Amino acid sequence: MPAARDGGAPEDADGRATPVGRLAATVQRLRREVREAQAEADGRALIELAKGILVERLGCGPAQAARQLAELTEQAGVTPLEFAVEVINQASRDKLSEVTTAFIAATSDRAGDDAQGGESSAVRLRAAESGALAADDAQAVADSLLEHALTPLGAVAVAIWALGADGSLTLAGSAGFSVAEAGRWRYVPPGVATVARRGLGERSGQWIGCLSETGLPSVGQHHHPDGGRVAVPASNGGRIHGVLEIVWPTPLEPQPPQIVRQVEALAELCAHTLENHALHRPDDDPTPRPLPDVAELTALADGLHDPALVLVPHLDPAGELVDFRIHHVNSRFLDPAGRPRGVVNGALLLEAYPMAAGESELFEQVERVYATGEPFRAHRMRLTALVDDVPLAAVADINISRHGGSVLLLWRIEDETARLASLLQHAQRLGRIGGFEENLLTGEITWNGQLYSLYGRPATSGPVPLEDLPAHAHPDDAVAIGRFLRTLVNHRQAASTAFRLQRPDGVTRHIRVVAEPVLDSDGRLFVVRGAYQDISAHHWTEVALAATRDQLAHSEQQASERNRLALQLQHAIMPPAQAPLEAPGLRVAVRYRPAETQQLVGGDWYDAVVLPSGLVLLCVGDVAGHGIEAATSMVVLRNALRGLAVTGAGPGQLLCWLNMVAHHLTGAVTATAVCGLYDPARRTLRWARAGHLPPVLVRGTDAAALPLLKGLLLGVLPEATYEEHEVQLAVDDTLLMYTDGLIERRDRSVEESLAQLLTAARTVPPTLDQQLDRLLTYSRSDTDDDTCIVGVRVA
């Protein structure tokens, strides 16, 4: 169809208007006239409101106020509607007037309508308020807000959600969405996470820069997935009636506080509409409706068996919720401080219970229930009241729910006496304790239930008198029970005893009974009271401990005997000091220091002997472990090496054979060793090591460790090879062989400990014996291990 010229009806090829085109043009004209009529009506309402303000301020009549408004409008050079809005803003000083300046600044560069003869931004904002207040449903409010207030901010759609008593959300009105899209989102069940429900969680709502980044569903999500969203609670007087949700087509940047307050003011307008709609809801509307009158809630509270308070909101002059007034307390009401109902009834909640805003957060929970409608329950919440500046506290179970515009608060203060009695019963059950009281004059006996359980008797069988106690006990305990009864009855003193109770079911339990006499005013005995306790577990524990102590003493005696034998064996083969070895051109001295505690008898060993070939065998070693096993293994290795040395083999071969001996010993013995053969004629030392620290050569004032030759621990593998090394000695040279007990420390590495030994060895006393004694004296080892030193000085 050819387009119409100059905005008229569409034309055919001959330039004539078609019937469909004329119909479309008529519809467009009628819509334009309706919008103009609505705008004119809104404008007349604002102008009439401005006239009313002038009547009140100037004290004149309506006609004079109209003339005054016209004169002031002409002087200001603006339209009557714009001047009327300015008068309203100056007079009201409400939230809407506070944000008008910010709204104008935020929309002036977007609307661009002032210069083209359109409405000003201030008029748009007041027109949105007027339309919202005059509308009879939320749909009209949504249309007015989008057209007048939100489109200048760049928004493209708006949704008004009504909050149900069950936590559900109903789409009460929307603009900018298709009919099909709005129909799909008509109802959101409780508990479904959406953008609108997220907005209920905070007073400032949810300001989302990009919807797709949150993963939350919402109305219109497929049309503007990357757009911004704002969901603000629609609250009035502290009560949330729904949510105002606004849609932007593009990501939303952080907004200034003025725009945030503007959106909150618009949400408050929605709250007024939702509140009025709830109060005038048709009878066939299935949505839960609030109670219209607090009198019904008062009657409900009087019918409850728990203490109940009916609270109504207390607002300040600005309409903000600041407290709740205790409108009514029922007949079962109990005050934590014991005050009468008349003192509490009619008072403000924070005046009667100022601590409710502190430790227990009771006021915060009441406020949240009133705002959202979601009930709150708590077990054992602390309630505190101030009486004469003294805090009096109680513990109670709390139940808070909203009914219409009021809140029902129920609390059940815990009975301290009943709670202590319950704790006593649990303690008696856990401790297996049963109490009794026996009147010796009347013969009346009182047992608790736990005592019947200890005796293994049903409660219907009756209690057992004290004088019949021997008949229920083991015969061997009759003497102890008789002594207990004489002390209690004849001497009138508290007494206790232990006996074996023989129950009817054949089970024998160990019982301790404790009792005390009660005398009357004349000093005569008339009541005995006390308790039985089942101490069977304690008795058998003591029996087990006694057996364990006997076994431990026997084990300690065996261990002491083994250590004594190991120490005797060690001292027999390895005396702490040994006579000097006579060898040509060589001075040999040895030192052995056992462990400081006899329980750590180890396997350190040394040897220095002249072989038939004239060579001198020098060796030290350390068997892993302690005790008699380590001592016997040490003897085997030491004697084996001495026997192998007479073959004339070198130190590497000797360690190879010694490794085979250690590997095949019972118990898989492992050990370290250093073996050397000194040739007095050539003054040379051939040596090898098996996982041991290398010898130290002291020459003059210098001390250095010999090279770290390759050599595996003895006994690890069945076969191993060991590297040999030969060192040329000179007159007055000193060679030191030692075990790790000389230098090993728990807090330092082996390298650091070896460096300290080299420092100490550089000081050479006149004799070799003095030098070895000095090294033992200044040793910093802290492992309490055996120590062996073999010193060789060339003469």
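How many of the residues of strand 26 (residues 734–738) are buried? Strand 26 is mostly covered, with 5 of its 5 residues buried, where buried denotes a relative accessible area under 20%, exposed over 50%, and partly exposed in between, computed with a 1.4 Å probe on protein chains only. The structure is a predicted model, in which local features need pLDDT of at least 70 and side-chain atom pairs count only at pLDDT 80 or more, while totals for chains, interfaces and linings use all residues. Residues are numbered from 1 along each chain as its sequence is written, and side-chain values use heavy atoms, with hydrogens and water left out.

The protein chain as a whole may be considered next. Its secondary structure comes to 21 helices and 27 strands; helices (H or I, at least four residues) and strands (E, at least two) are DSSP runs, numbered from the N terminus. Of the 795 residues of the protein chain, 43% count as buried. Among contacts in the protein chain with a separation of 6 or more, 58% involve residues 24 or more positions apart, a contact being heavy atoms within 4.5 Å.

Strand 26 itself has two faces. Thr 734, Leu 736 and Tyr 738 point one way from the strand, Leu 735 and Met 737 point the other way, and all are buried. Strand 26 pairs with strand 23 (residues 696–699) in the antiparallel sense over 3 bridges; two strands are said to pair if DSSP finds at least two bridges between them. In this pairing, Val 698 stands opposite Thr 734. Strand 26 is also joined by 5 bridges to strand 27 (residues 787–794), again running antiparallel, and there Val 790 is the bridge partner of Met 737.

Another part of the chain holds an open sheet of 6 strands, in the order 3-2-1-6-5-4 with antiparallel pairing. Its edge strands, each pairing on one side only, are strand 3 (187–188) and strand 4 (206–208). Within the sheet, strand 1 (residues 157–163) and strand 2 (residues 169–175) run antiparallel and are joined by 6 bridges; Trp 161 has Leu 171 in strand 2 as its bridge partner. Helix 6 (residues 138–150) packs on this sheet, touching strand 1, strand 2 and strand 6 (239–247), and its direction makes about 45° with that of strand 2. Helix 13 (residues 362–372) packs on the sheet as well, touching strand 1 and strand 6, with a direction at about 60° to that of strand 6. These angles run from 0 to 180 degrees between N-to-C directions, and axes are lines fitted to C-alpha atoms, for helices over the stretch in contact.

Further pairings involve strand 16 (residues 525–534). Strand 12 (residues 433–439) pairs with strand 16 in the antiparallel sense over 7 bridges, and Glu 438 stands opposite Val 528. Strand 15 and strand 16 pair in the antiparallel sense over 9 bridges, with Ala 531 in strand 16 as the bridge partner of Val 514. Strand 15 and strand 16 form a hairpin with 5 residues between them, and Gly 523 in the turn has a positive phi of about 80°. Val 507 lies in the loop between strand 14 (495–502) and strand 15 (508–519). Val 507 is partly exposed, with a relative accessible area of 32%. Its C-alpha atom is separated by 8.7 Å from that of Gly 456, 51 residues apart along the chain.

Helix 18 (residues 628–645) and helix 19 (residues 651–663) pack at an angle of about 140°, with their axes 10 Å apart. On the side of helix 18 the meeting residues include Val 636, Leu 637 and Leu 644, and on the side of helix 19 they include Leu 654, Trp 657 and Val 661. By class, this contact of helix 18 with helix 19 has 11 nonpolar, no polar and no charged residues; Ala, Val, Leu, Ile, Met, Phe, Trp, Tyr, Cys and Pro count as nonpolar, Asp, Glu, Lys and Arg as charged, and the others, Gly among them, as polar.

The cysteines remain. With a disulfide taken as a pair of cysteine sulfur atoms within 2.5 Å, the count comes to 0 disulfides. The sulfur of Cys 675 is too far for a bond, because the closest cysteine sulfur, in Cys 619, is 5.8 Å away. Cys 675 counts as buried, at 0% relative accessibility, and Cys 270 is buried with a relative accessible area of 0%.
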